[in-house]
Amino acid sequence: MRKRNNKTAAQQCRYYEVDDIFGYMVETYINGNISVFRELYTELNKDARKDFIDFVFKEVKSQYRIEIIKKTI
């Protein structure tokens, strides 16, 4: 299977059949699927990655926020 790169959040939502890809990514991380989280993050394009970081700061509980940010770097 070919790698997915440079995808928008909307494209990812359609591909993974979810309403909110950012929420899905956070849930994936919280459930312990770190490698899947990393893969989902790397599939996003530059603007979608920035939007995801904004989402983390605004919507994610503080106990997970720093961990998630570290995994994106």
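**Helix packing and the nonpolar core**

Helix H4 passes helix H5 in a left-handed crossing, meaning that the near helix is turned anticlockwise from the far one by less than a right angle (clockwise would be right-handed). Helices here are DSSP runs of H or I with at least four residues, numbered from the N terminus. The model is predicted, so local features need pLDDT of at least 70 and side-chain atom pairs count only at pLDDT 80 or more, while totals for chains, interfaces and linings use all residues. Residues are numbered from 1 along each chain as its sequence is written, and side-chain values use heavy atoms, with hydrogens and water left out.

H4 covers residues 46-59 and H5 residues 62-72; their axes lie 9 Å apart at an angle of about 165°. H4 is therefore roughly antiparallel to H5. Axes are lines fitted to C-alpha atoms, for helices over the stretch in contact, and angles between N-to-C directions run from 0 to 180 degrees. Angles under 35 degrees count as roughly parallel, over 145 as roughly antiparallel, 65 to 115 as roughly perpendicular and the rest as oblique. Phe-52, Ile-53, Val-56 and Phe-57 of H4 meet Arg-65, Ile-68, Ile-69 and Thr-72 of H5, where contact means heavy atoms within 4.5 Å.

H3 and H5 have axes that come within 10 Å and cross at roughly 60°, which means that H3 is oblique to H5. This crossing of H3 past H5 is right-handed. Ile-34, Phe-37, Arg-38 and Tyr-41 of H3 make the contact with Ile-68, Lys-71 and Thr-72 of H5.

Thr-72 belongs to H5 and, because its relative accessibility is 10%, counts as buried. Buried means under 20% relative accessible area, exposed over 50%, and partly exposed in between (1.4 Å probe, protein chains only). Leaving out residues up to four places away in sequence, Thr-72 touches Phe-37, Arg-38, Tyr-41, Phe-52 and Ile-53.

The largest nonpolar core holds 17 residues, of which Phe-22, Met-25, Leu-44, Phe-52 and Ile-68 touch the most other members. Such a core is a set of buried Ala, Val, Leu, Ile, Met, Phe, Trp, Tyr and Cys residues joined through side-chain atoms within 4.5 Å. At least two residues of this core come from each of H2 (21-30), H3 (34-43), H4 and H5, and H2 gives the most, with five. Seven of the 10 residues of H2 are buried, among them Ile-21, Gly-23 and Tyr-29. The buried residues of H2 pack against H1 (9-16), H3, H4 and H5.
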